[in-house]
Amino acid sequence: MLWFFGISILLVVLFKWIPVPFTPLMITRAIEQKIDGQEMTCSHDWVPLEDISINLQKAVIASEDGNFLKHNGFDFKAMQKAFKNNNRGKKLKGGSTISQQTAKNVFLWQGRSYIRKGLEAYFTFLIEIVWGKERIMEVYLNSIEMGKGVYGAEAAAEHWYRTDAKNLTKIQAAGIAAILPNPRKYKATNSSSYIEKRKGKIVRVMNHVGKLEY
C-alpha cells in the first residue's frame, strides 16, 4: 500500500509538469487493432492549453461537464441524476466530470468495477489538489479519444477539419465535443442527424459558458 501511494503521488506530481506520453486506452486500442488484424494507428500530438482554441474548451464543458469550473472534481447532483435514470431503465448519460474522466484516462483501465471506481475517485482527488483546473483541462484535451486512433485536440483538429487546435471555430469545436460519448462510432464531419442536433445544442450552451478563469 505504501508503494502504491508513493508511486501514484509521484506520477501525479510528474504529470503536472510533463506531457502524458500515452494512456492505458491507447495501449488497449492498439492491442485490439492487432488482434483484429488491423494496422495499429495512434495519432497523438501534445500541445499546451494556450494552443487549444477556447472554443473547444467551452465545447467540452458544455457537452461533458457544465459545472467543471465550480466543483471539486465530483458533481454529486449529476451523479445522483445518472443513478436515478439508470434505475428507471433510461439511457444513461453518466455523471462523470471532466476531472474524473481525466483521472480514468491517464491512470486507469477501462471497464466497470467498484475497485476501478474507487481508484478513479482517489486519482480525481489527487489531480484536483495537485494539478488544478487549468492542468486538468490541458491533460484532458490532449489525452481523450476523439476518433478512431485519434487522441487529443491537435490530432482531432487535423483529422476532422485539416486545421490546428488553436484555430477551431465554434461549430468545429462543437462537432468534436458532440462525438465524445462514442468517438469511434460517430463522426464530427458528415455527421448523422443525431450528432448535428448535438452540435447545435452544444453551441447554444457554449454561449452561456462564462469566462474561463482557472
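Predicted model: local features only at pLDDT ≥ 70, side-chain atom pairs only at ≥ 80, totals over all residues.

Trainee: Thanks! Is Arg 162 buried or exposed?

Mentor: Arg 162 counts as exposed, at 62% relative accessibility. Its place is in the loop between helix H8 (153-161) and helix H9 (170-178); helices here are DSSP runs of H or I with at least four residues, numbered from the N terminus. Arg 162 also has a positive phi, near 55°, though it is a residue other than glycine.

Trainee: And what about the phi of Asn 190?

Mentor: That one is positive too, about 50°, and Asn 190 is not a glycine. Most residues other than glycine have a negative phi. Asn 190 is in the loop between H9 and helix H10 (193-206) and counts as exposed at 77% relative accessibility.

Trainee: Switching topic: how do the axes of H3 and H10 cross?

Mentor: The axes of H3 (residues 54-64) and H10 come within 9 Å and cross at roughly 105°. Axes are lines fitted to C-alpha atoms over the stretch in contact, and angles run from 0 to 180 degrees between N-to-C directions. That makes H3 roughly perpendicular to H10, a label for angles of 65 to 115 degrees.

Trainee: Which residues in H3 meet H10 there?

Mentor: Asn 55, Lys 58, Ala 59, Ala 62 and Ser 63 in H3 meet Arg 198, Ile 202, Val 205 and Met 206 in H10, where contact means heavy atoms within 4.5 Å. By class, this contact has 5 nonpolar, 2 polar and 2 charged residues. Ala, Val, Leu, Ile, Met, Phe, Trp, Tyr, Cys and Pro count as nonpolar, Asp, Glu, Lys and Arg as charged, and the others, Gly among them, as polar.

Trainee: Last one: where is Thr 124 found?

Mentor: Thr 124 is found in helix H6 and is buried, with a relative accessible area of 0%. Leaving aside neighbours within four places in sequence, Thr 124 is in contact with Gly 73, Phe 74, Ser 99, Gln 100 and Ala 103.

Key: Residues numbered from 1 in each chain as written. Heavy atoms only, no water. Helix = DSSP H or I, 4+ residues; strand = E, 2+ residues; numbered from the N terminus. Buried < 20%, exposed > 50% of the residue type's maximum accessible area, 1.4 Å probe, protein only. Parallel < 35°, antiparallel > 145°, perpendicular 65-115°, else oblique.
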